[in-house]
Amino acid sequence: MEIGFALPVSGSWATPEHMVHVGRRAEQLGYHSLWTFQRLLVPADLGWSETYHSVQDPLTTLAFLAAHTTRVRLGVAVLNMPFVPPVLLAKQTATLDILSGGRLDVGLGLGWSAEEYEATGASRQGRGRRATEFIRLLRSLWQDEVTTHRGEFYQVPPTRMEPKPAQRPHPPILLGGQAPEALRRAGRLADGWVSGSQADLNGIGTAVATVKAAAADAGRDPGALRFVCRGAVRVRPEGGPDREPLTGTLDQIRSDLGRLAEAGITELFVDLNFDSEIGSPRADAQESRRRADEVLDALAPTR
């Protein structure tokens, strides 16, 4: 199982200095990838988790880190398809893939925030069909010399999009979502699946099996798919047998990684942004960085 690390994108520690520090340190320690996530808005009453109260843009952050790293892959988990036209996302991600030397992984989802749907003018109607059409059009824009598309949701006249991404035929697409249909969609259409911050890690093997079954039913090779877990790590005093996975001492968390690999996860990225003691506007940024360094060293693939 490959191990990655999430960049500081949420709360007080999400500064350029800390992003560069974490990104370069992760690359030096042999981590496979760096990750971001998307959150456009937060309700005025701040009723959501503090992780969502102040979040940097995911693609801009990855472009910044592309200039400060050389080897490590750069992933976003996830961009919400209903909020942006596929032609715009195709151009942004192709450029980022070129700037990074072909290191981009594109996670896509449908979003859950009613506020963000309203603010972006997106519709919830036919979200599954829209996602299927979005992905097919995105691939065409990335790899076809000429794209012509007349669909239910998107219209593109005969046009060319250049330059193409550095990766051929295109950057890997990972689909998020926990609902059975979302898992089956990932198996039918994507290069893999990425779990969310609220995923039940005790039952993640069932989700992996659902994706694989859908891939097999669609005539695809389930063994070629990637299964990426957002590892919402919370370092705490030693917990008992009923503790949440990835919460506890570093030794306990390290043992959880092995169990997730046994469940079929091929990649996991350690994400401290979802720890309320780190990814919050109220957290001490320097202390968050110190704790991140501790985790980076303890869970490093080369350790």
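The paragraphs below lead through a predicted model, beginning with a pair of packed helices and moving on to the pockets, a few individual residues and some features of the backbone.

Helix α1, which covers residues 16-28, packs against helix α9, which covers residues 285-298, at an angle of about 5 degrees and with the two axes 11 Å apart. Angles under 35 degrees count as roughly parallel, and α1 and α9 are therefore roughly parallel to each other. On the side of α1 the contact is made by E17, H18, H21, V22, R25 and A26, while α9 contributes A285, Q286, R289, D293, L296 and D297. Sorted by class, the residues of this contact between α1 and α9 comprise four nonpolar, three polar and five charged ones.

L296 sits in helix α9, and with a relative accessible area of 0% it is buried.

The largest pocket has a volume of about 640 Å³, and of the 31 residues that line it, V78, G111, W112, G177 and G196 are the closest to its centre. At least two residues of the lining of the largest pocket come from each of β3 (73-80), β4 (104-109), α5 (127-143) and α6. The lining of the largest pocket divides by class into 15 nonpolar, eleven polar and five charged residues.

V78, one of the residues closest to the centre of the largest pocket, lies in strand β3 and also takes part in a feature of the backbone, for the peptide bond that joins A77 and V78 is cis, with omega of about 5 degrees.

Helix α6, which contributes to the lining of the largest pocket, spans residues 180-189 and contains R185. Is R185 buried or exposed? Residues under 20% relative accessible area count as buried, so R185, at 8% relative accessibility, counts as buried. Setting aside its neighbours within four places in sequence, R185 is in contact with L110, G128, A131, T132, L175 and A190. The C-alpha atom of R185 is separated by 34 Å from that of V235, a residue 50 places away along the chain.

The second largest pocket has a volume of about 260 Å³. Among the 18 residues that line this second pocket, the closest to its centre are Q38, D57, L59, L89 and Q92, and the elements that give two or more residues to its lining are α2 (58-66), β3 and α3 (86-99). Of these, α3 supplies the largest share of the lining, with six residues. By class, the lining of the second largest pocket holds eleven nonpolar, six polar and one charged residues.

Helix α3 also contains L96, which counts as buried at 4% relative accessibility. Not counting residues up to four places away in sequence, L96 touches L59, L62, A63 and L104. Although L96 and L62 are 34 residues apart in sequence, their C-alpha atoms are 7.9 Å apart in space.

A few backbone features in the loops remain. A cis peptide bond with omega near 5 degrees runs from R168 to P169, and P169 is found in the loop between β6 (155-159) and β7 (173-175). In the loop between β2 (33-36) and α2, L46 has a phi near 55 degrees, which is a positive value in a residue other than glycine, and at 44% relative accessibility L46 counts as partly exposed. L246, likewise not a glycine, has a positive phi of about 70 degrees and is found in the loop between β10 (234-235) and β11 (247-248); with a relative accessible area of 0%, L246 is buried.

Note on methods: Residues numbered from 1 in each chain as written. Predicted model: local features only at pLDDT ≥ 70, side-chain atom pairs only at ≥ 80, totals over all residues. Heavy atoms only, no water. Axes fitted to C-alpha atoms, helices over the stretch in contact; angles between N-to-C directions. Helix = DSSP H or I, 4+ residues; strand = E, 2+ residues; numbered from the N terminus. Parallel < 35°, antiparallel > 145°, perpendicular 65-115°, else oblique. Contact = heavy atoms within 4.5 Å. Nonpolar A, V, L, I, M, F, W, Y, C, P; charged D, E, K, R; others polar. Buried < 20%, exposed > 50% of the residue type's maximum accessible area, 1.4 Å probe, protein only. 1 Å grid on protein atoms, 1.4 Å probe; cavity = no way out; pocket = protein on both sides within 12 Å on 5 of 7 lines; lining within 4 Å. Points joined across faces, edges and corners; volume = space filled by probe spheres on them.
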